[in-house]
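Q: Before we look at anything in detail, please show me the model. I would like to learn how to read its features one at a time.

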Amino acid sequence: MEQQGRLRVLIAEDSSVSAKVLAKAVSDLGHVPTITHSGEDAWQELQAFDYPVVLTDWVMPGMEGPELCSRIRALEGRGYTYVIMLTAKGDREDRIAAMTAGADDFLCKPLDRAELSARLAVAQRIISMQQRLEDANRSLQDQQEELKLALDRVERSSKVAEMSQKRFSQLFEGLPVPTFTLDANLKLYEMNKRALATFDCAHHDAFERSVADVLGSDLINTDAETALRGLFRNEPFSDREWFDGERTFIASGLPLLGPDGGIVGGIVTLVDVTAARKAEQEVERQLVEINEAHAQLETANQELKELNERLNALATEDGLTGIANHRAFQERLNTLVGEGKRGRAFCLALLDVDNFKSFNDSFGHQAGDEVLKAVAACLKSSLRETDFVARYGGEEFCVLLLDVSCERAGELCDVLRAGIEALPNPHRQVTASFGVAEFGGSISDGEALIRASDEALYQAKAEGRNRVVLASRRSGQSAA
Amino acid sequence: MKDYKEASLPLDIEHLADVSGGDWEFECELLDEYFTTASTGLQSLSKAVEEANSDEAHRLAHSLKGSSRSIGAWPMGDVCEQFDIAARAGDLSEAGPMLEAIRARFEELERFVRAKWNNKAA
């Protein structure tokens, strides 16, 4: 506001001589005086310009000193105005009135320059203090503003930090697997509830102790430590299998980054897979068992197949003679009837061991059975591959002769008949009678064929046995 | 503070020099100003007495007293004060003789200053 040490001093003095004296003194003291000759003029000047010091006479025409002083005090929005009242009056009451009106100091008339100098020095001190106070106040206000903004920021930041911390804690504590954080020295920082439970320890036990101490050096072996140290070189790891002698864990780790992006810690999760590993082993063991059972089943199936085949054979084979039984004959016949209808030639020969009943009666059933076996064997060995021989029942046999006419079948049967006749026998000679019929014409099904053969056989028996009779001709060939 | 009542000279030269800061030119200027305003003031005071306007007389006497004491004209200041006190009280009964006394002091002062300043100037 002022140049260093120079005050602008407004003088209100009705006596021009006194005003001049004051102005001269003020000027000689290095300050800048402005003279007004009445309270009103001084008031106008003060409203237009800012004066830090006002020197005012007490008694003036019109507005007097105390009134001017009151008005100055009522002014707002400017620097402090230091008012010095000029007075010849030494009265205590007057001084109190002036003070009440707002005067800061008094100066006795007539003027004493030394006194003025001292009063102005005080004024200067007060004004500069006032100035400093205002500056300080402004600066304080600015600082308060800044502080308030900073506080707001801090509050917001701390709220964000608090929320982040809370969220991290919730996540950390809520993780359903054992989880811990650690620092670069591999000292534990936090363990979540699962981790504390899994490794059977309390928070205060774990805090700032080495990971290997708390979790055990079996689990945190050299490999595990290498992985943990890697976190602080920003090398995350995952799916490592760590084993503590009893339990198997799948370990995964991540570096924890601070606000400046630097690594401030590591977080590690351990998933206990002991049960899963046990289950896997159990599954493997069961798989072996299943394989074994499967192999056994295969064997059993094989056996069953064989048994089935055997059963099947039993079902189609004659137990005594080992050739096809009646049932197998029927099946074969049915098949051939189908083929015969499409033009295939075939004949059926029925043969009966002659006088078998009396043979049995004479030499016993066992001897009879031997005869049947021998006849069957003879028939089997004498026939062509394509022909079919079966035991029809009792001492009757049947032969299906393929791709031949009735005559040719008769010739073949005669060979069979001769074969039987030539069979060696310890008891007596065995012969057989044959009835042969050809499929075709009126003989259009199996039943008819059997009936025709049977009739021919009956005829052969009637004609004297040991012979072959062809159904079509009704004539027999007697034994040679 | 000077005990100007003891002073016998019309003008306390030391005081004048003191309030002028030893500036002789300013002393002259100040004395010129004093005599100009005091002459006018005295005429006005006479008029106020004629008109028996004690308020105006009081104001004029007070101002004259202040100017006189400002330059160190103690005797002149004293007679003005006496008038001032009476006028303030509304008492103009002794105004005539008082005014005469003021004029006498003023003329005395004028003579003193002319003598001194003519010497000084010379």
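A: Begin with how helix packing is described: axes are lines fitted to C-alpha atoms, for helices over the stretch in contact, and angles run from 0 to 180 degrees between N-to-C directions. Keep in mind that this is a predicted model.

Q: At what angle do helix α12 and helix α13 of chain A pack, and how far apart are their axes?

A: The angle between α12 (residues 356-382) and α13 (residues 406-421) of chain A is about 140 degrees, and the axes lie 10 Å apart. Angles over 145 count as roughly antiparallel, and 65 to 115 as roughly perpendicular, with the rest oblique once those under 35 are set aside as roughly parallel. The pair α12(A) and α13(A) is therefore oblique. The crossing of α12(A) past α13(A) is right-handed.

Q: Which residues of α12(A) and α13(A) meet?

A: From α12(A) come Val375(A), Cys378(A), Leu379(A) and Ser382(A); α13(A) supplies Val415(A), Leu416(A), Gly419(A) and Ile420(A). Sorted by class, this contact of α12(A) with α13(A) contains 6 nonpolar and 2 polar residues, and no charged ones.

Q: How do I read a sheet, and in what order do the strands of the open sheet in chain A lie?

A: Strands of a sheet pair through backbone hydrogen bonds, either parallel or antiparallel. In chain A, 5 strands make an open sheet with the order β7-β6-β10-β9-β8, and their pairing is antiparallel. Its edge strands are β7 (188-191) and β8 (237-243) of chain A, each of which pairs on one side only. From one strand to the next, the twist averages 25 degrees.

Q: How many bridges join β8(A) to β9 of chain A?

A: There are 5 bridges between β8(A) and β9 (residues 248-257) of chain A, and the two strands run antiparallel. As one example, Arg240(A) has Ala251(A) in β9(A) as its bridge partner.

Q: What does chain B consist of, in helices and strands?

A: Chain B has 5 helices and 0 strands, so read from the N terminus its elements run α-α-α-α-α. Buried residues make up 42% of the 122 in chain B. Among contacts in chain B with a separation of 6 or more, 59% come from residues 24 or more positions apart.

Q: How many residues does each chain bring to the contact between A and B?

A: The size of an interface is often given as the accessible area lost when the parts come together. Counted by residues instead, chain A contributes 18 and chain B contributes 18. On the side of chain A, helix α1 (residues 16-28) provides the largest share, 8 residues. That side of chain A divides into 8 nonpolar, 3 polar and 7 charged residues.

Methods
Residues are numbered from 1 along each chain as its sequence is written. Chains are lettered from A and ligands numbered from 1 in the order in which they are written. This is a predicted model: local features need pLDDT of at least 70, side-chain atom pairs count only at pLDDT 80 or more; totals for chains, interfaces and linings use all residues. Two residues are in contact if their C-beta atoms, placed from the backbone, lie within 7 Å. Helices (H or I, at least four residues) and strands (E, at least two) are DSSP runs, numbered from the N terminus. Ala, Val, Leu, Ile, Met, Phe, Trp, Tyr, Cys and Pro count as nonpolar, Asp, Glu, Lys and Arg as charged, and the others, Gly among them, as polar. A crossing is left-handed if the near helix is turned anticlockwise from the far one by less than a right angle, and right-handed if clockwise. A residue is buried if 20 or more other C-beta atoms lie within 10 Å of its own, exposed if 12 or fewer, and partly exposed in between; C-beta atoms are placed from the backbone. Two strands pair if DSSP finds at least two bridges between them.
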